[in-house]
Amino acid sequence: MTVALDVARYRDPSWYERERATVWSDEWLMFCAESEVATTGAYVSADMAGFPLVVARRPDGGLVAFVNVCPHRAGPILWPGEGTTGNLVCRYHGWAFDWRGELVSARDFGDSADLCPDSRSLRLIDVDTWSGMVFVRLSPAGPSLEHSLGGLPAVVARHSVDRFRFVRRMTRTLACNWKTYVDNYLEGYHVQLIHPSLSRALDMRTYRVSVPEDGYCHHTCDTTEGSPSGGAWLFRYPNLALNIYADGMNVERIIPVDVDTTRVVYDYYSTSDDPTLIDGMLEMSNVVLDEDQRMCEQVQRGIDSGSYRPGPLSDKHEIAVAWFQDRLRNEVR
Ligand code: FES
Ligand SMILES: [Fe+2]
């Protein structure tokens, strides 16, 4: 019998630090939408598992990604948020960097001739795109994004997601560890119990979850007659979920804030620009997300209570949870 992950991994800051040094450094992470950095100088500056990161569009048309920590005394090059910038100048004392991250001038520093190479450049990180999404990776070595996506692009292509246009963004901050959120995402065992409206819209007898070996998990379910909710739910380790329906899509970006806080950004896409239809889609989605959030936060309290030992995972319903947790056991030691 497979048993769930140890409690300490969901609440102990030292486990969280180990995850930051492995999962959140070595994997390709979904960081933002490509449309947010479409024009020259457009940038997104945001934290990901405690790493302040920036992705920006260079004047030559390419993307640059760097750790938003100045080599002088750790000031920010760009304040958190989105915008457009003409240059990369540290907000603290004004050191200026070019678009390759090299120091151009150390403002009024005095003698800067002896600065060591590490103080002369921003820490650039890998950046690549797939299907309108920008991914980053902190560790300089490892497989390309294309290789690491494995069979996922072929599955997504079957749903012709280029039909959809971005319509709305919502953000939630949940009082739980990021894995509590992902565990919940990865099983449909709870649907009948906590999602009454979703459960009426889905024919749960057709619910299937498969776990291929190359880093993503695929759930499908048919709708009951006349309901718009059926589709595919895809999770790509460690921080991307794609919920694809007949007439729209919700792209989830899962962002650990600290060991017991998780931010999730939900980008909604639709075939329609009719505000009534879009409002309806968001309203339905919010009902389900409220139900999941309430449960995840309560589960985290259960985990934190000191009175829970890891329980058994169902071979029938929780194989994707087992797959996710196994991957963490192997990657984070
Ligand atoms: S911290 Fe960046 S210039 Fe001082
Ligand atoms: Fe749920």
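**View 1. Domain 1 and domain 2.** The protein falls into domain 1 (27–149) and domain 2 (152–331), with bounds taken from an automatic or database domain assignment. The contact between them (heavy atoms within 4.5 Å) takes 18 residues from domain 1 and 22 residues from domain 2. Taken over C-alpha atoms, the centres of the two domains are 30 Å apart. This is a predicted model, in which local features need pLDDT of at least 70, side-chain atom pairs count only at pLDDT 80 or more, and totals for chains, interfaces and linings use all residues. Residues are numbered from 1 along each chain as its sequence is written, and side-chain values use heavy atoms, with hydrogens and water left out.

**View 2. The interface between the domains.** Domain 1 and domain 2 bury about 1,500 Å² between them, 54% of it on carbon and sulfur atoms. Buried area is the accessible area (1.4 Å probe) that two parts lose on being put together, summed over both. Of the area that domain 1 buries against domain 2, 36% is supplied by Glu 27, Met 30 and Leu 149, more than by any other three residues. Three salt bridges are counted between the domains, a salt bridge being a side-chain nitrogen of Lys or Arg within 4 Å of a carboxyl oxygen of Asp or Glu.

**View 3. Arg 253 and Glu 36.** A salt bridge joins the side chains of Arg 253 and Glu 36, at 3.7 Å from N to O.

**View 4. The largest pocket.** The space in this pocket is about 790 Å³. On a 1 Å grid over the protein atoms alone, a pocket is an open set of points where a 1.4 Å probe fits, with protein on both sides within 12 Å along at least five of seven lines; lining residues have an atom within 4 Å of a point. A volume is the space filled by probe spheres set on the points, which are joined across faces, edges and corners. Of the 38 lining residues, Leu 198, Trp 233, Tyr 245, Ser 285 and Val 288 lie nearest the centre. α9 gives the largest share of the lining, 10 residues; helices (H or I, at least four residues) and strands (E, at least two) are DSSP runs, numbered from the N terminus. The lining comprises 19 nonpolar, 15 polar and four charged residues.

**View 5. The second largest pocket.** Its volume is about 550 Å³. Among its 22 lining residues, Asp 183, Glu 187, Val 299, Tyr 308 and Glu 318 lie nearest the centre. α6, α9 and α10 (319–331) each supply at least two lining residues, and the largest share, four residues, comes from α9.

Technical notes: Chains are lettered from A and ligands numbered from 1 in the order in which they are written. Ala, Val, Leu, Ile, Met, Phe, Trp, Tyr, Cys and Pro count as nonpolar, Asp, Glu, Lys and Arg as charged, and the others, Gly among them, as polar.
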